[in-house]
Amino acid sequence: MMETSEERISASTECLGYDSTVDVLTSLPPPSTSDEVIEVRVKRIRRKPRVSVKLQYPPEENTPDTTIELFSGENLRRAMLTRGIKLNDALSRRFDSGGSGDCGADG
């Protein structure tokens, strides 16, 4: 989509992929004089991808499989803890610190 005003020609590249962005930029007219200034502003706003993760529990726990949705790049351990998923056996203790054994708290 190209707009022309008195001294400016603008083309929108928002949310376009690489090929489409290059197509828009190459469709712009060449400079009319050697003194003409060309200013390019490329703006990227893209929807962050989501990932579905299927959690499977050991058969002896008799817990049904669970699927959680995360943003791409989100920390899996933190995401599971914030959704109330227990990562470790609460009865097991760490041998080196005597802590809770949750792999991130005390040692």
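At 41% relative accessibility, Asp 65 falls in the partly exposed class (buried is under 20% relative accessible area, exposed over 50%, partly exposed in between, with a 1.4 Å probe and protein chains only). Asp 65 also takes part in a salt bridge with Lys 54, where the closest N and O atoms are 3.9 Å apart; a salt bridge here is a side-chain nitrogen of Lys or Arg within 4 Å of a carboxyl oxygen of Asp or Glu. This pair links distant parts of the chain, with Asp 65 in the loop between β3 and β4 and Lys 54 in strand β3, eleven residues apart. Lys 54 itself is exposed, at a relative accessible area of 55%.

All this comes from a predicted model, in which local features need pLDDT of at least 70 and side-chain atom pairs count only at pLDDT 80 or more, while totals for chains, interfaces and linings use all residues. Residues are numbered from 1 along each chain as its sequence is written, and side-chain values use heavy atoms, leaving out hydrogens and water. The protein chain has a mean pLDDT of 77, and 71% of its residues reach 70 or more; pLDDT is the predictor's confidence in each residue, from 0 to 100. Where pLDDT is low, the predicted coordinates should not be read in detail.

As for the fold, the protein chain has two helices and four strands, taken as DSSP runs numbered from the N terminus (helices H or I, at least four residues; strands E, at least two). Along the sequence they come in the order β-β-α-β-β-α. Of the 107 residues, 11% count as buried.

Back to the charges: the whole structure holds three salt bridges. In one of them, the side chains of Glu 69 and Arg 50 meet at 2.7 Å, N to O. Glu 69 sits in strand β4 (residues 66-71) and Arg 50 in strand β3, so this contact ties together parts that are 19 residues apart in sequence. Both partners are partly exposed, with relative accessible areas of 40% for Glu 69 and 46% for Arg 50. Another salt bridge joins the side chains of Arg 83 and Glu 74, at 3.7 Å from N to O. Here too the residues are partly exposed, Arg 83 at 37% and Glu 74 at 31%.

On the nonpolar side, Leu 25, Ile 38 and Val 40 make up a surface patch with about 270 Å² of accessible area together. Patches are made of residues with over 30% relative accessible area and no salt bridge, with like charges joined within 9 Å and nonpolar side chains (Val, Leu, Ile, Met, Phe, Trp, Tyr) within 5 Å; the areas come from the Shrake-Rupley method with a 1.4 Å probe, and for residues only the protein chains shown count as cover. Ile 38 belongs to the loop between α1 (18-26) and β3 and is exposed, at 57% relative accessible area.

Finally, Glu 14, in the loop between β2 (9-11) and α1, is partly exposed at 38%. Glu 14 and Arg 41 are 27 residues apart in sequence, and their C-alpha atoms are 9.7 Å apart in space.
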